Amino acid sequence: MHPTLTRYEIELDMLERDRTLSNEQAVALLRSEFALALNASHFSAVCGADIAVAVASRTVPQEGVARYSVSLEFAERTPDLDDEQAAALLLGEFQRALNASYFWRMCSDDFRVTVVSRVPVDTRRRLPTA
């Protein structure tokens with residue numbers, strides 16, 4: 001276990017490709033897309049090791065845009081970045097994954113990624129690794 005971990009709380013807003021999926025099915029699909037992107041070395045600019053991904057919730061208001069609340073936990077490759085720089089790097093990695101057609105089973109267009117917070121992790125309270 002790496003001694004210095006950071007947890008990012010993010011929100012993903014997207015028009016889902018298949019709006020008939022249950023919450024459980026949609027969350028499983030999102031986790032699968034993350035796994036594929038991570039296995040293809042996307043997000044390597046932010047982290048050189050494993051990234052723990054936890055999907056906390058999925059909500060779909062009447063407008064049809066689904067919002068996923070997600071936690072990402074990893075040892076940052078460049079921990080000396082300020083919050084704005086670190087968020088920009090993470091957002092860039094999401095864009096690289098989208099450009100490579102990851103997450104396409106979720107939505108047919110780009111989605112909005114919002115970094116809600118970036119905090120050091122108490123290593124005694126880690127996310128489970130998928």
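**Charges, fold and one histidine**

Reply: Happy to start with the charges: the mean positions of the 14 positive and 19 negative charges of the protein lie 4 Å apart. Here Lys and Arg count as positive and Asp and Glu as negative, with His and the chain ends not counted; each charge is placed at NZ of Lys, CZ of Arg, CG of Asp or CD of Glu.

A word on the source: this is a predicted model, in which local features need pLDDT of at least 70 and side-chain atom pairs count only at pLDDT 80 or more, while totals for chains, interfaces and linings use all residues. Residues are numbered from 1 along each chain as its sequence is written, and side-chain values use heavy atoms, leaving out hydrogens and water.

Along the sequence the pattern reads β-α-β-β-α-β, where helices (H or I, at least four residues) and strands (E, at least two) are DSSP runs numbered from the N terminus. The C-alpha trace spans about 40 × 30 × 25 Å along its principal axes. Of the 130 residues, 38% count as buried, meaning under 20% relative accessible area with a 1.4 Å probe, protein chains only.

His42 counts as buried because its relative accessibility is 11%. Beyond its neighbours within four places in sequence, His42 is in contact (heavy atoms within 4.5 Å) with Ala37, Glu93, Arg96, Ala97, Ala100 and Tyr102.

Note on methods. Buried means under 20% relative accessible area, exposed over 50%, partly exposed in between (1.4 Å probe, protein chains only).
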